[in-house]
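Work through the exercises below with the structure in view, and try each task before you read its solution.

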Amino acid sequence: MSSPEGRDRYDGGTVASVPRIETTAGRLARLGFADGARAERLLDELGPEAVGDLALLEALVAAADPDLALTSLNRLAERDPSVLGALRADPGLRARLIGVFGVSAALGDHVTRHPEQWKDLAGAAAVRRASAEELRAELLRAVGADPGDPEPCAADASTHTLSVLRVAYRGRLLHLAARDVTGAATLNEVTAELSDLAAAALEAALAVARAEHGAGGVRLAVIGMGKCGARELNYISDVDVIFVAEPAGDTDETEALRQATRLAQSVMRACSESTAEGSLWQVDAGLRPEGRSGPLVRTLASHLAYYRRWAKTWEFQALLKARPVAGDMALGGAYVQAVHDMVWEAAGRENFVEDVRAMRRRVEAHVRVEDPERQLKLGPGGLRDIEFAVQLLQLVHGRHDPLLRRRATLPALAALSRGGYVGRQDAKAMAEAYSFLRRVEHLLQLYRLRRTHVVPDNPADLRRLGRALGMSVDPVGEFTTRWRRHAMDARRLHEKLFYRPLLQAVARLPEDEARLSPAAAKARLEALGYADPDGALRHIAALTSGVSRRAAIQRTLLPVMLGWFADTPDPDTGLLGFRQVSDKLGTTPWYLRLLRDETAAAERMARLLGTSRYVTGLLLHAPEAVAMLGSDAELTPRPVEALAAEAAATVSRYTDDAESAVAAVRALRRRELFRTAVADLDGRLDVEQVGPALSELNDVTLQAALDVAVATVEKQRGAPLPTRFAVIAMGRLGGMESSYGSDADVMFVHDPLPGAAEREATDAAHAVANELRRLLALPAPDPPLHVDPDLRPEGRQGPLVRTLASYAAYYARWSAPWEAQALLRARFAAGDAALGAEFTAVIDPLRYPEGGIPTSAVREIRRIKARMEAERLPRGADPTTHTKLGRGGLSDVEWVAQLLQLRHAHAVPELRTTRTVSALRAAVGAGLLSAADERVLSEAWRFASRIRDAIMLVKGRAGDSIPPGMRERVLLARALGYPPGGTEDFVDDYRRVTRRARQVVERVFYDAAP
């Protein structure tokens, strides 16, 4: 054999690049033949012209399996030597025939037995797709039937006729495979033609059945189901069918069904019976009513009666793909039309979605395969995963959207994507996975023309698959990687879409509610309890009108969300808020994708918008925070260290713009307020967790604003700050008990650096404090953090900032009992931590006095408390519903805890806490308070604190009293978790809890011995 001079791609090499010192067998092995010596012998057997035909060698080397291709060519050339000349003269024939030989040993055997059929791959006709009518006519003529006859009948029903049918069928299979492997036919075209070819074979089989049985007294239609019905059939697959019959002429129904059953049985046998040319495929009628236990043939009326009364959910899922394929097409069309409406109404059946999912789980549990991970069809991430997900989405949404009513998987998936039911990227990934897996499935089946879905583990087989798919560098590795990636994507998307909670919600909607027609929508809105149905309709129209993707997705979401809004305290406000947020984010791709794909996020958003004006306001100014709603993990308050680091990094980006720096920090605070508020309303945080979360957030905000203020003052001075500076938290902030509307009660302390003039240091400290307050008071869309320094010595008349020494001197000489009481909540919040610790050391003897406070101080505290109750309660306020100053409210409980601290904290270190409930628990541990009294007081404090927080969340503004109006009380009660109609229970519960707490206060605070 002469040395080849042409070039060829194989694992990155070319024919010309092979070293000439190698043997011919070695060169052939390097080019891609597994057995170089055998390849050399087979090429020599083809003759001198073939040996020197570089184009033929390149075609062989480019084949998926060069050895298989050469073997089949050699066998064919023995039968018909003219094929070699034809291959040299026709490059298209060469590519098609060698391409088929390289992937299919079975078709190579077939062409060897019937060498005349290779000629069908030559010329322009070889690339033309045959129509369904042409295929039907060709196979009918093959069995001797007249294609023009309304009921064509074969020449006979002999085994020879069946063999002729198989030869003709495989000739067409050869023609299609040649176009497939050369890329002249797309996957959709291949599966559609395979389905048309199967339909033609069924028609020919029916003609053979008529030759055998006559049966002129019956009309018989063959309904294609499964992949045949959807026109997405494999090369080798069971063909699922249903037979439907009607009497013809004067034949009675019983006789007609008897004749139809004989015909149907003969059709099945004609396709599956083994002859000298093998069989076509199995015809499976197991999808008929009652399955294999039911009669093989029924009348149309019998089918419909069964489906109306007895059919299970999976049967309607199967009917999604029903299509008349052979026999009486008018009867078949009537059958499909009759079951059509039933299919698209099936999703309204009770527990429809749950039934489909349960069936899928049963299928997965009962599939018995040796290696499920290698299963293309039934394994995890296989074809069935994709098909089930697509079909479920179709059935749920298709009853309202006719554009989704497609039989085939890929067109249905494209329609789901266009309609917004599946995200574009998800649809793209799923379509790519499906197409890849189908192409692999086809290649597996072409090899031996056997029904298989298992990826082999033999490297030679994997190499053939990879090369057939165009992978030349590392066919085995690249194929395995792509297959696993597509399978992983398919499984992930199956679980995401198939188990999407929105499907259940949409499926449960009554038909008239799901379409949102104006009249139906208004009636439903009124029934659901919307106070302004006309206004709600305007919001719905604004959200759903038009043909945009956004409008399509909203049309899917809103019927369900209207019910969710109706379950909230204020559905009208919720819908309005949803429209406002959607107007801001509607064109943002992730927003609607989140609501559609993460139903928990959509339901949570509806509940929040219909419950909390505060949360709605936060969302309107930072709508991107909606993204948090899709993950429970996102609703956990972040550690203070992480917040502090983020705030510091934020400030560092605005070194020359103090106001922008603080605005960015306030935006961070707004985001974290939203996170905490959502977790609060969602029941993920209790009030003893909310307070610390809000207080830590305020600390971080103060520290960041202080950093900016210090930098600003230093820049103005042109020199570093001549003093240490610290912010001391007081009040609820100091107690780590901040609510959503709390001010930041603080005191400012500074300590001049060594060598600094006190006056200069004080001026600089005042400048920092004023700049801090100014920056946090700037108008902004964020919830304000008002810095209130009024608890400082001498109140508003005293200096804004004092030195540490000044504080020490004041407290040593002038301090009143109420100031010692206020200092119980003092703690370091921001600035110089060492200075904060020094300040704490200065005030500890005052707030934790040795031996406790004297009797005179106790009497003074009690006197002040009584005066507060008499004078500070707002005029007209109900003392039984005022959460702060009312009987048994926050003030009562806090003063009890503080009095215990003032009297005993020096001796009981556990009482040295700024937190109210912690102090009460420490008092129990020290034997200063009974456990029963602590439970009563703590319950009242928590209840009152929850109500104050809820007032802010519901109304969007702070309040201390349970509102007198019934509507506002209803909203508040619902936000606190009371069921509809539980408003009076809520008020009664609060009064009962605080009444019990007041009894403890009067006994412990007022009556206890000093």
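A residue counts as buried under 20% relative accessible area, as exposed over 50%, and as partly exposed in between (1.4 Å probe, protein chains only). The model is predicted, so local features need pLDDT of at least 70 and side-chain atom pairs count only at pLDDT 80 or more, while totals for chains, interfaces and linings use all residues. Residues are numbered from 1 along each chain as its sequence is written, and side-chain values use heavy atoms, with hydrogens and water left out.

**Exercise 1.** Decide whether Arg172 is buried or exposed, and find its salt-bridge partner.

*Solution.* Begin with the accessibility: Arg172 counts as buried because its relative accessibility is 16%. Next, recall that a salt bridge is a side-chain nitrogen of Lys or Arg within 4 Å of a carboxyl oxygen of Asp or Glu. Arg172 forms such a bridge with Glu138, and the closest N and O atoms are 3.0 Å apart. This pair links distant parts of the chain, since Arg172 is in helix H10 and Glu138 in helix H9 (residues 132-142), 34 residues apart; helices here are DSSP runs (H or I, at least four residues), numbered from the N terminus. Finally, Glu138 is partly exposed, with a relative accessible area of 28%.

**Exercise 2.** Locate Asn698 and list its contacts beyond four places in sequence.

*Solution.* First, Asn698 is found in helix H34, which covers residues 687-717. Then, at 3% relative accessibility, Asn698 counts as buried. Lastly, with contact meaning heavy atoms within 4.5 Å, and leaving aside neighbours within four places in sequence, Asn698 is in contact with Arg669, Leu733, Ser738 and Leu785.

Definitions and conventions. Helices (H or I, at least four residues) and strands (E, at least two) are DSSP runs, numbered from the N terminus.
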